[in-house]
Amino acid sequence: MAYAYDDQNIFAKILRGEIPNNTVLETPHSLAFHDIAPQAPVHVLVIPKGAYVNYDHFAAEASDAEIADYTRAIGEVCKMVEVAPGNDGGGYRLISNAGEAGVQEVPHLHVHVLGGRVLGRMLKKFDD
Ligand code: 5GP
């Protein structure tokens, strides 16, 4: 089934400049900005500028240039916010929620870059 993109979602509005954001990095195909309700000392969202609902949508339909730009933008953000272990950062976690089971709130692809503290287990144990 093809994805339908809702251009009224909050990140589409941020990309159109209708809602302000605290930008960390802007590249030709990507934008990174601080999450409005941070879950960790470092909590940055990285989004592609294109109209993609989630990761599998992006992986299937984005151009090679968009994919390369987005992948590198995420890596660059990790360095910029000083969580990249290779640059003496303390480490990070990337999360991209999709759909109902993933509990995705905003239907525009975003990767959460989280760090600045020990983040604990990836998920609660299955039988918790
Ligand atoms: P999701 O649950 O879809 O993976 O994550 C959506 C994220 O977007 C949440 O962490 C939420 O705090 C963040 N968010 C929602 N609205 C805004 C906004 O207007 N500005 C910013 N910077 N972040 C937002």
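These legends accompany close-up views of a predicted model with its ligand.

View 1. Around the ligand stand 17 residues. Among these, Asp35, Asn97, Glu105, His110 and His112 come nearest. By class, the shell holds 9 nonpolar, 6 polar and 2 charged residues.

View 2. Aspartate 35 places a polar side-chain atom 2.5 Å from a ligand oxygen. Asparagine 97 also uses its side chain: an N or O atom there is 2.8 Å from an oxygen atom of the ligand. Isoleucine 36 takes part through its backbone, with an N or O atom 3.3 Å from a ligand nitrogen. On its own, the ligand has 520 Å² of accessible area, and the protein covers 86% of that.

**View 3. Secondary structure around the ligand.** Helix H1 (10-15), strand S2 (30-34) and strand S3 (42-48) each contribute at least two residues to the shell. H1 gives the most, with 3 residues.

View 4. The whole structure contains 3 aromatic pairs. One of them joins phenylalanine 11 and phenylalanine 33. Their ring centres are 5.5 Å apart and their planes meet at 75°, so the pair counts as edge-to-face; the cut-off for that class is over 60 degrees. Phenylalanine 11 belongs to helix H1 and phenylalanine 33 to strand S2, so the pair ties together parts 22 residues apart in sequence. Both H1 and S2 also supply residues to the shell around the ligand.

Methods
Residues are numbered from 1 along each chain as its sequence is written. This is a predicted model: local features need pLDDT of at least 70, side-chain atom pairs count only at pLDDT 80 or more; totals for chains, interfaces and linings use all residues. Side-chain values use heavy atoms; hydrogens and water are left out. A residue is near a molecule or strand if one of its heavy atoms lies within 4 Å of it. A polar contact is a pair of N or O atoms within 3.5 Å; within protein, one must be able to donate a hydrogen and the other to accept it, and residues adjacent in sequence count only if both atoms are side-chain atoms. Accessible areas come from the Shrake-Rupley method with a 1.4 Å probe; for residues, only the protein chains shown count as cover. Helices (H or I, at least four residues) and strands (E, at least two) are DSSP runs, numbered from the N terminus. Ala, Val, Leu, Ile, Met, Phe, Trp, Tyr, Cys and Pro count as nonpolar, Asp, Glu, Lys and Arg as charged, and the others, Gly among them, as polar. Rings of Phe, Tyr and Trp (its six-membered ring) pair if their centres lie within 6.5 Å; planes under 30 degrees apart count as stacked, over 60 as edge-to-face and the rest as tilted.
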